[in-house]
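Thanks for making time this morning. I would like to walk through one model with you, starting from a pair of side chains and then widening out to the packing and the annotated domain.

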Amino acid sequence: MLALNLERILRRIERARLSYNAHHIVSLVAVSKYQSQDEIRALYECGQRAFGENKVQDLRLKYQALNDVPLEWHFIGTLQENKINALLAMDISLLHSLDSLKLAHALQKRLGEKKIRALLQVNAANEASKSGVAVESAKDIYIQITQSCPNIILEGIMSIGAHSDNRSHIEQSFKLTRDVFDSVRDFGAKTLSMGMSGDFEMAIAYGANLVRIGSRLFARD
(Lines give C-alpha, C1' and ligand atoms only; values in the text may rest on other atoms or scores of the structure.)
Protein backbone atom coordinates (compact mmCIF):
# COMPACT_ATOMS: atom_id res chain seq x y z
CA MET A 1 0.00 0.00 0.00
CA LEU A 2 2.80 2.44 0.87
CA ALA A 3 4.47 1.91 -2.50
CA LEU A 4 1.20 2.59 -4.28
CA ASN A 5 0.54 5.71 -2.18
CA LEU A 6 4.02 7.05 -2.94
CA GLU A 7 3.62 6.33 -6.65
CA ARG A 8 0.27 8.16 -6.73
CA ILE A 9 1.65 11.20 -4.88
CA LEU A 10 4.72 11.38 -7.13
CA ARG A 11 2.50 11.23 -10.22
CA ARG A 12 0.38 14.09 -8.89
CA ILE A 13 3.47 16.13 -8.04
CA GLU A 14 4.80 15.50 -11.54
CA ARG A 15 1.58 16.66 -13.19
CA ALA A 16 1.48 19.80 -11.05
CA ARG A 17 5.15 20.46 -11.71
CA LEU A 18 4.77 20.17 -15.47
CA SER A 19 1.70 22.42 -15.41
CA TYR A 20 3.74 25.07 -13.61
CA ASN A 21 7.05 24.78 -15.46
CA ALA A 22 8.76 21.83 -17.13
CA HIS A 23 12.08 22.95 -15.63
CA HIS A 24 10.69 23.21 -12.08
CA ILE A 25 11.96 20.58 -9.62
CA VAL A 26 9.83 19.62 -6.60
CA SER A 27 11.12 17.66 -3.60
CA LEU A 28 8.94 15.62 -1.26
CA VAL A 29 9.25 15.42 2.53
CA ALA A 30 7.20 12.59 4.05
CA VAL A 31 5.62 13.85 7.28
CA SER A 32 6.10 10.94 9.65
CA LYS A 33 4.95 12.48 12.93
CA TYR A 34 2.17 9.94 13.49
CA GLN A 35 4.04 6.98 12.03
CA SER A 36 5.98 4.14 13.61
CA GLN A 37 9.62 3.37 12.95
CA ASP A 38 8.53 0.32 10.95
CA GLU A 39 6.33 2.42 8.68
CA ILE A 40 9.15 4.90 8.10
CA ARG A 41 11.51 2.06 7.29
CA ALA A 42 8.94 0.56 4.93
CA LEU A 43 8.48 3.84 3.06
CA TYR A 44 12.25 4.18 2.83
CA GLU A 45 12.31 0.76 1.18
CA CYS A 46 9.86 2.16 -1.38
CA GLY A 47 12.37 4.86 -2.28
CA GLN A 48 11.46 7.82 -0.04
CA ARG A 49 14.47 9.45 1.64
CA ALA A 50 13.34 12.70 3.33
CA PHE A 51 11.16 12.57 6.45
CA GLY A 52 9.79 15.38 8.61
CA GLU A 53 8.97 15.44 12.32
CA ASN A 54 7.37 18.27 14.30
CA LYS A 55 8.42 17.38 17.87
CA VAL A 56 12.05 17.22 18.95
CA GLN A 57 11.48 14.33 21.36
CA ASP A 58 9.75 12.22 18.68
CA LEU A 59 12.46 13.02 16.18
CA ARG A 60 15.16 11.99 18.64
CA LEU A 61 13.53 8.60 19.26
CA LYS A 62 13.16 7.85 15.55
CA TYR A 63 16.56 9.31 14.70
CA GLN A 64 18.22 6.95 17.17
CA ALA A 65 16.12 3.91 16.29
CA LEU A 66 16.68 4.35 12.54
CA ASN A 67 20.33 5.39 12.60
CA ASP A 68 21.23 2.38 10.43
CA VAL A 69 19.19 3.87 7.58
CA PRO A 70 20.53 6.90 5.62
CA LEU A 71 17.44 9.06 6.11
CA GLU A 72 17.31 12.79 5.48
CA TRP A 73 15.59 14.31 8.53
CA HIS A 74 13.69 17.59 8.43
CA PHE A 75 12.31 19.42 11.47
CA ILE A 76 8.99 21.02 10.55
CA GLY A 77 7.37 21.91 13.89
CA THR A 78 7.61 24.85 16.25
CA LEU A 79 11.03 24.84 17.89
CA GLN A 80 11.03 25.86 21.54
CA GLU A 81 14.22 27.47 22.81
CA ASN A 82 14.62 24.83 25.53
CA LYS A 83 14.73 22.13 22.83
CA ILE A 84 17.49 23.73 20.76
CA ASN A 85 20.34 21.72 22.27
CA ALA A 86 18.46 18.45 21.75
CA LEU A 87 17.82 19.33 18.11
CA LEU A 88 21.43 20.31 17.50
CA ALA A 89 22.61 16.99 18.90
CA MET A 90 21.20 15.39 15.75
CA ASP A 91 22.27 15.73 12.14
CA ILE A 92 19.28 17.54 10.70
CA SER A 93 19.12 18.23 6.98
CA LEU A 94 16.81 21.26 7.19
CA LEU A 95 14.94 23.28 9.82
CA HIS A 96 11.72 24.48 8.16
CA SER A 97 10.32 26.46 11.05
CA LEU A 98 12.65 29.31 12.01
CA ASP A 99 9.77 31.54 13.04
CA SER A 100 11.32 34.67 14.61
CA LEU A 101 14.45 36.76 14.87
CA LYS A 102 14.51 35.92 18.60
CA LEU A 103 14.66 32.20 17.87
CA ALA A 104 17.38 32.78 15.27
CA HIS A 105 19.54 34.60 17.82
CA ALA A 106 18.97 31.87 20.42
CA LEU A 107 19.90 29.23 17.85
CA GLN A 108 23.02 31.14 16.80
CA LYS A 109 24.23 31.29 20.41
CA ARG A 110 23.96 27.51 20.80
CA LEU A 111 25.46 26.52 17.46
CA GLY A 112 29.10 27.09 18.34
CA GLU A 113 31.11 25.84 15.35
CA LYS A 114 28.15 23.93 13.94
CA LYS A 115 26.01 25.23 11.08
CA ILE A 116 22.36 24.54 10.32
CA ARG A 117 20.36 24.95 7.13
CA ALA A 118 17.02 26.66 7.73
CA LEU A 119 13.94 28.27 6.22
CA LEU A 120 12.21 31.35 7.59
CA GLN A 121 8.59 30.56 8.44
CA VAL A 122 6.10 33.18 7.25
CA ASN A 123 2.55 33.40 8.61
CA ALA A 124 1.11 34.35 5.24
CA ALA A 125 -2.44 33.52 6.31
CA ASN A 126 -2.10 35.89 9.28
CA GLU A 127 -3.71 33.30 11.56
CA ALA A 128 -3.21 33.45 15.33
CA SER A 129 -2.88 29.67 15.48
CA LYS A 130 0.17 29.68 13.21
CA SER A 131 3.77 30.57 13.97
CA GLY A 132 5.89 32.67 11.69
CA VAL A 133 6.85 36.23 10.87
CA ALA A 134 4.42 38.65 9.27
CA VAL A 135 4.54 39.05 5.49
CA GLU A 136 5.28 42.76 5.85
CA SER A 137 8.41 42.23 7.95
CA ALA A 138 9.62 38.94 6.43
CA LYS A 139 12.21 40.40 4.04
CA ASP A 140 13.79 42.61 6.70
CA ILE A 141 13.94 39.74 9.20
CA TYR A 142 15.39 37.41 6.57
CA ILE A 143 18.17 39.89 5.84
CA GLN A 144 18.80 40.51 9.55
CA ILE A 145 19.23 36.78 10.16
CA THR A 146 21.64 36.38 7.26
CA GLN A 147 23.69 39.29 8.59
CA SER A 148 23.64 38.55 12.34
CA CYS A 149 23.57 34.74 12.44
CA PRO A 150 26.52 33.43 10.40
CA ASN A 151 25.99 29.81 11.47
CA ILE A 152 22.42 29.73 10.21
CA ILE A 153 22.38 29.07 6.49
CA LEU A 154 19.06 30.55 5.40
CA GLU A 155 17.94 28.85 2.22
CA GLY A 156 14.40 30.08 1.71
CA ILE A 157 10.87 30.41 2.99
CA MET A 158 8.27 28.09 4.50
CA SER A 159 4.59 28.65 5.15
CA ILE A 160 1.41 26.71 5.87
CA GLY A 161 -1.56 27.48 3.64
CA ALA A 162 -4.59 29.23 5.05
CA HIS A 163 -6.86 26.97 7.13
CA SER A 164 -9.97 27.55 5.07
CA ASP A 165 -12.52 25.89 2.83
CA ASN A 166 -12.28 28.91 0.57
CA ARG A 167 -9.84 28.11 -2.23
CA SER A 168 -9.14 31.78 -2.91
CA HIS A 169 -8.00 32.30 0.70
CA ILE A 170 -5.55 29.41 0.41
CA GLU A 171 -4.31 30.66 -2.95
CA GLN A 172 -3.81 34.14 -1.52
CA SER A 173 -1.64 32.78 1.30
CA PHE A 174 0.49 30.90 -1.22
CA LYS A 175 0.78 33.95 -3.47
CA LEU A 176 1.90 36.14 -0.56
CA THR A 177 4.47 33.53 0.45
CA ARG A 178 5.82 33.33 -3.09
CA ASP A 179 6.09 37.13 -3.18
CA VAL A 180 8.19 37.03 0.00
CA PHE A 181 10.32 34.26 -1.49
CA ASP A 182 10.89 36.28 -4.67
CA SER A 183 11.92 39.30 -2.58
CA VAL A 184 14.71 37.37 -0.84
CA ARG A 185 16.10 35.39 -3.75
CA ASP A 186 19.03 37.81 -3.96
CA PHE A 187 19.86 36.89 -0.36
CA GLY A 188 20.31 33.16 -0.93
CA ALA A 189 16.72 31.91 -0.99
CA LYS A 190 16.28 28.88 -3.22
CA THR A 191 13.71 26.75 -1.37
CA LEU A 192 9.99 27.53 -1.16
CA SER A 193 8.42 25.00 1.21
CA MET A 194 4.63 25.07 1.16
CA GLY A 195 1.84 22.63 0.48
CA MET A 196 0.61 19.62 2.43
CA SER A 197 -1.64 16.63 1.73
CA GLY A 198 -4.74 18.70 1.02
CA ASP A 199 -3.26 21.55 -1.01
CA PHE A 200 0.16 20.58 -2.41
CA GLU A 201 -0.88 20.84 -6.06
CA MET A 202 -2.17 24.35 -5.46
CA ALA A 203 1.10 25.20 -3.70
CA ILE A 204 3.15 23.93 -6.64
CA ALA A 205 1.04 26.11 -8.95
CA TYR A 206 2.35 29.05 -6.91
CA GLY A 207 5.97 27.95 -7.14
CA ALA A 208 6.53 25.58 -4.21
CA ASN A 209 9.57 23.38 -4.77
CA LEU A 210 9.34 21.45 -1.49
CA VAL A 211 6.09 19.88 -0.29
CA ARG A 212 5.33 18.18 3.03
CA ILE A 213 2.90 15.25 2.76
CA GLY A 214 1.86 12.85 5.51
CA SER A 215 -1.67 11.47 5.65
CA ARG A 216 -1.96 10.68 1.94
CA LEU A 217 1.36 8.85 1.92
CA PHE A 218 0.64 6.67 4.92
CA ALA A 219 -3.09 6.05 4.30
CA ARG A 220 -4.07 2.40 4.64
CA ASP A 221 -7.45 2.46 2.89
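Predicted model: local features only at pLDDT ≥ 70, side-chain atom pairs only at ≥ 80, totals over all residues.

How many aromatic pairs does the count come to? The count comes to one aromatic pair, and it is formed by the rings of Phe51 and Trp73, whose centres are 6.2 Å apart with the planes at 50°. Planes under 30 degrees apart would count as stacked and those over 60 as edge-to-face, so at 50° the pair is tilted. As for where these two residues sit, Phe51 belongs to strand β2, residues 50-53, and Trp73 to strand β3, residues 72-75, so that the pair, 22 residues apart, links distant parts of the chain.

Turning to the packing, nonpolar side chains in soluble globular proteins tend to be buried together. Here the largest nonpolar core has 66 residues, and the members that touch the most others are Leu98, Leu107, Ile145 and Ile152. Helix α5, residues 101-111, supplies the largest share of this core, namely six residues. If we look at Ile145 in particular, and leave out residues up to four places away in sequence, its contacts are Leu98, Leu101, Ala104, Leu120, Ile152 and Leu154. Another core, of six residues, lies apart from that one, and includes Leu94, Leu119, Met158 and Leu210.

Finally, the annotation: an unreviewed UniProt entry places the domain "Alanine racemase N-terminal" at residues 6-218. Over residues 6-218 the chain is 43% helix and 18% strand, and the end C-alpha atoms are 9 Å apart.

Notes
Residues numbered from 1 in each chain as written. Heavy atoms only, no water. UniProt positions renumbered as here; feature names shortened; annotations may be inferred. Helix = DSSP H or I, 4+ residues; strand = E, 2+ residues; numbered from the N terminus. Core = buried A, V, L, I, M, F, W, Y, C linked by side-chain atoms within 4.5 Å. Buried < 20%, exposed > 50% of the residue type's maximum accessible area, 1.4 Å probe, protein only. Contact = heavy atoms within 4.5 Å. Phe/Tyr/Trp six-rings, centres within 6.5 Å; stacked < 30°, edge-to-face > 60°.
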